[in-house]
Amino acid sequence: MQVSVQAATQTSLNIDSFEDLIPFYPKLRGIRYNHVVSAINSSQHSDLLTSPLDRLALKAIRSQSELIVTTGLTARTEKLKASAFADLLVLTDQPKLELPALDETSSRKVLVTTEKLSVSNLNAHAVGTIQGSPTSWFTGWVKGKYDSIALESGIRTAMLFAAEGLIAEACLTVTSASTQHQAEAIAKDFLIQLGLVAKQIQSINDASTWLFRFSVS
């Protein structure tokens, strides 16, 4: 697909695979929050909101991460599978989860915040229950383990991470937008809702899909 890229300059680029997008999502030290919203659909299920370009960007972001963090709710809703690129951490207070990521043995670890696991995936591990606030537990747990982290969660969890100053970059996809102005307005309103002060550093457009990167102040 032919896309328009706006960063330091504006260029046109042909995208054949997620590898073509990797230069636009370089490895980041810290947490990169990735989320998709629609200009016309209020549903929070990504399967209903995503686009081919967004799915390639998701792979590019994951390929540049060492750890993917999600919640039990998001994992169940999205029917998440284990990643081929990075370990997956599922934040949950449920003692038992039924997920594709836990069904088949994966090349990367699947880590769940529970005391014990009895699942088919031999590379799935319990890491203990969350003690205290999720962000405080996570900060202590992750220290010294992972540097480049992708956060894939709903807005409530993202707001907790944002409030603690843990998000370094926000990658927002806006689908079904009729104009760039509309897409930018939706993305900036979403950042305000999260409580983030951020500067747009990149946008990639294909038809009515806009991919934005924001550096968080």
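Trp141 is a buried residue, at 13% relative accessible area (buried is under 20%, exposed over 50%, partly exposed in between, with a 1.4 Å probe and protein chains only). The model is predicted, so local features need pLDDT of at least 70 and side-chain atom pairs pLDDT 80 or more, while totals for chains, interfaces and linings use all residues. Residues are numbered from 1 along each chain, and side-chain values use heavy atoms, without hydrogens or water.

**Exercise 1. Work out which ring pairs link Trp137, Trp141 and Tyr146 into a cluster.**

Step 1: start with the helix. Trp137 and Trp141 both sit in H5 (residues 134-142), and they are about one helical turn apart because four residues separate them. Helices here are DSSP runs of H or I with at least four residues, strands are E runs with at least two, and both are numbered from the N terminus.

Step 2: count the pairs. Rings of Phe, Tyr and Trp (its six-membered ring) pair if their centres lie within 6.5 Å; planes under 30 degrees apart are stacked, over 60 edge-to-face, the rest tilted. That rule gives six aromatic pairs. For Trp137 and Trp141, the ring centres are 5.7 Å apart and the planes make 10°, so this pair is stacked.

Step 3: look at burial. Trp137 counts as buried because its relative accessibility is 12%. From Trp141 a stacked pair runs on to Tyr146, with 6.1 Å from centre to centre and 25° between the planes. Tyr146 is buried too, at 14% relative accessibility.

Step 4: Trp137, Trp141 and Tyr146 form a cluster held together by ring pairs.

**Exercise 2. Find out which strands pair with S8, and what covers its faces.**

Step 1: take the partners one by one. S3 is parallel to S8, with four bridges between them. S4 (residues 67-71) also runs parallel to S8, over three bridges. (Pairing takes at least two DSSP bridges.)

Step 2: pick out Ile149. Ile31 is opposite Ile149, and Leu67 is opposite Ile149 as well.

Step 3: check the faces. Side chains in a regular strand alternate between the two faces of the sheet. In S8, Ser148 and Ala150 are buried on one side, and Ile149 and Leu151 are buried on the other.

**Exercise 3. Say which elements line the two cavities of 30 Å³ or more.**

Step 1: A cavity is a set of points on a 1 Å grid over the protein atoms alone where a 1.4 Å probe fits but cannot get out, and lining residues have an atom within 4 Å of a point. Points join across faces, edges and corners, and the volume is what probe spheres on them fill.

Step 2: go to the largest cavity, about 40 Å³. Among its lining residues are Leu28, Arg32, Gln64 and Ile149. Strands S3 (30-38) and S8 (148-151) are the elements giving two or more residues, and S8 has the largest share, three.

Step 3: Helix H2 (52-63) and strands S9 (167-175) and S11 (209-216) each supply at least two residues, with S9 giving the most, three.

How values were computed
On a 1 Å grid over the protein atoms alone, a cavity is a set of points where a 1.4 Å probe fits but cannot get out, and a pocket is an open set with protein on both sides within 12 Å along at least five of seven lines; lining residues have an atom within 4 Å of a point.
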